[in-house]
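Hello,

Here is the structure we talked about passing on.

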Amino acid sequence: MEKHDKKISIIVAIAKDNAIGKDNKLLAYISDDLKRFKKITTGHPVIMGRNTFLSLPKGALPNRINIVLTDKKSEKFDNCVMAFSIEDALKKCPNNKECFVIGGAMIYKQFFNISDKLYLTKIHAKFDADTFFPEIDYNNWDIIEKIDIEQNEKNKYSFSYITLKRKIVSSN
């Protein structure tokens with residue numbers, strides 16, 4: 001992977017054991033988290049794999065550049081920019097915008113080591129899952145925000161919003 005000058009952020013909801021999905025679906029419906037996702041990503045490019053795109057109930061996310069990473073060169077999705085490699089996806093992100101990687105697991109894994117920020121929603125529950133987020137070594141990240149939300153009549157699960165920024169490692 002060549003050096004890039006983009007601001008790359010990952011936004012993801014993870015449960016215990018870093019679980020993120022089952023059968024190409026989210027593990028839990030958390031209304032507040034979906035509102036937060038929309039607020040944070042609106043106006044920014046979002047990068048996703050084809051399966052994540054196909055799982056979106058209404059197709060391309062409005063008010064965002066939707067970049068879909070696929071290895072099928074003939075594939076085209078309405079209101080999407082198609083990309084065929086990480087480098088291609090990054091070239092299609094405007095320079096002055098934070099780019100959000102929104103899934104799925106293979107895409108997260110490919111962008112994880114070059115991302116600058118993680119917006120985690122950590123669901124404090126365990127689910128039957130078949131898809132997982134890469135292991136996070138918290139020694140490499142600074143927590144810049146943490147908000148705990150308790151389970152209540154509106155939220156079936158307790159969860160935390162945790163924003164992490166990659167520590168700058170000097171190259172001496």
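A residue is called buried here when its relative accessible area is under 20%, exposed when over 50%, and partly exposed in between, with a 1.4 Å probe and protein chains only as cover. Helices (H or I, at least four residues) and strands (E, at least two) are DSSP runs, numbered from the N terminus.

The model is predicted: local features need pLDDT of at least 70 and side-chain atom pairs count only at pLDDT 80 or more, while totals for chains, interfaces and linings use all residues. Residues are numbered from 1 along each chain as its sequence is written, and side-chain values use heavy atoms, with hydrogens and water left out.

Overall

The protein has four helices and 11 strands. Its radius of gyration, taken over C-alpha atoms, is 16 Å, which agrees with the value near 16 Å for a compact globule of 172 residues (the rule is 2.2 Å times the number of residues to the power 0.38). The C-alpha trace spans about 45 × 45 × 30 Å along its principal axes. Of the 172 residues, 47% count as buried.

Helix 1

Helix 1 covers residues 31-41, and its buried residues are Asp32, Asp33, Arg36, Phe37, Ile40 and Thr41. They line one face of the helix, because seen down the axis they fall within an arc of 150° (the arc is that of the directions from the helix axis to the C-beta atoms). Lys35, Lys38 and Lys39 are exposed on the face turned away from that buried side. The cover over the buried residues includes strand 1 (7-14), strand 4, strand 7 (98-101), strand 8 (117-123) and strand 11 (159-166). Gly43, with a positive phi near 90°, follows helix 1.

Helix 4

In helix 4 (residues 105-112), the buried residues are Ile107, Tyr108, Phe111 and Phe112. These four are on the same side of helix 4, since their arc around the axis is only 130°. Met106 and Lys109 are exposed on the other side of helix 4.

Met48

Met48 sits in strand 4 (residues 46-49) and is buried, at a relative accessible area of 0%. Beyond its neighbours within four places in sequence, Met48 is in contact (heavy atoms within 4.5 Å) with Phe53, Leu56, Asn66, Ile67, Val68, Leu69, Ile102, Gly103 and Ile107. Ile107 is also one of the buried residues of helix 4.

Regards
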